[in-house]
Structures are given as structure tokens and as C-alpha cells.
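Visitor: I'd like to know what the labels on this model rest on. Could you take me through some of them?

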Amino acid sequence: MQVEEGDHYLMTKEEIENKIATFTGGRAAEEVALGTVSTGASNDIEQATKLARAMITRYGMSDEFDMVAMETVNNPYLGGDTSLTCSAGTQTRIDTLVVELVRAQHEKAVQLLQENRAKLDELAQFLYERETITGEEFMNILRNP
């Protein structure tokens, strides 16, 4: 569940990793609860991948590349297309690091859901019965034993 906290322009590495884990949570929930996956999480997967790539190529949040920018944003006011500014070999390594980062955060999401399976089932039942949930209702279910 994504809850916006107002204007939040600066994010730490840990906050971004948690956001990636959250983006992978829908797919993780399918795996934990149903033992299968669907196309339902496609947008979240795209967002997780985009954020992981930005961590590595633009935000200087990778141990391997440190604070070296590997990507530039072109026309930030007209859609913000990006282009890589590195060799083909480095691009391949970036792809590998992106996959590793998303995979690690997905595994974190799966583990959290497995550890809290009863709450996952309770929330799913609530949504099945009512179709929508408010942030307050979500937190009440999450906090109550």
C-alpha cells in the first residue's frame, strides 16, 4: 500500500529499496497466497525496475559504480527521456545489477508476507467482502492481533 507523505523529494537508499519492495508486493502476494502469478502487477514491476535503474545509473547508490552518473535525463519537462552514457559492457553490468536489486527486494516482500500470512489473508478477505479499503481500515487490521 502506497501512502504519500506530502512533498517528499529526497529519499534515502533504504527508502528507495523499501519502495521497490512495496512495488513488488502485489506479485509477492500472488505467489504467497495463490502459488502463481498473473499480469496484474505489470505496472508495479515497471515502476520497481525504473526506480532500481535510477538508483544505479543516476543516484549514485551502487557500490560498484559509486557516484558516477551512467544516465542523463533529456528534456525533463517533456517526458524526461533518459539515455545511458556508458559502454555496452557497462550497460550489461547495469542490467545485471538492476535485476539483482529488484530480485532482492522482491524476496524481502515475499518473506514479509510469509511472516505475516494471517494478516495477508485477513486483508484479502476484507477486500473480497468490501472491494475497497481505506488507509485507516488497513492500519486497524494490521495493528489488531
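Visitor: Let's start with Thr57: which helix does it lie in?

Guide: Thr57 belongs to helix α3, residues 42-57. Helices here are DSSP runs of H or I, at least four residues long, numbered from the N terminus. Before we go on: this is a predicted model, where local features need pLDDT of at least 70, side-chain atom pairs count only at pLDDT 80 or more, and totals for chains, interfaces and linings use all residues. Residues are numbered from 1 along each chain as its sequence is written, and side-chain values use heavy atoms, with hydrogens and water left out.

Visitor: Why is Thr57 called buried?

Guide: Buried means under 20% relative accessible area, exposed over 50%, partly exposed in between (1.4 Å probe, protein chains only). Thr57 has 0% relative accessibility, so it counts as buried.

Visitor: What does Thr57 touch, leaving out residues up to four places away in sequence?

Guide: Val68, Ala69, Met70, Glu71, Leu84 and Ile94. Touching means contact: heavy atoms within 4.5 Å. Also, a polar atom of the Thr57 side chain lies 2.8 Å from the backbone oxygen of Arg53.

Visitor: And Glu100, what makes that one partly exposed?

Guide: Its relative accessible area is 41%, so Glu100 gets the in-between label. Glu100 sits in helix α4.

Visitor: How do you know that the buried residues of α1 line one face?

Guide: Those residues are Ile16, Glu17, Ile20, Ala21 and Phe23. Seen down the axis of α1, they fall within an arc of 160°, so they line one face of the helix. The arc is that of the directions from the helix axis to the C-beta atoms. The cover over them includes α2 (25-34), α3 and α4 (88-115).

Visitor: Which residues of the largest nonpolar core touch the most other members?

Guide: Ile20, Ile56 and Ile94, out of 17 residues. α1, α3 and α4 each supply at least two residues of this core. A nonpolar core is a set of buried Ala, Val, Leu, Ile, Met, Phe, Trp, Tyr and Cys residues joined through side-chain atoms within 4.5 Å.

Visitor: Beyond four places in sequence, what is Ile56 in contact with?

Guide: Ser62, Phe65, Ile94, Leu97, Val98 and Leu101.

Terms used. Polar contact = N/O pair within 3.5 Å; in protein donor to acceptor, adjacent residues only side chain to side chain.
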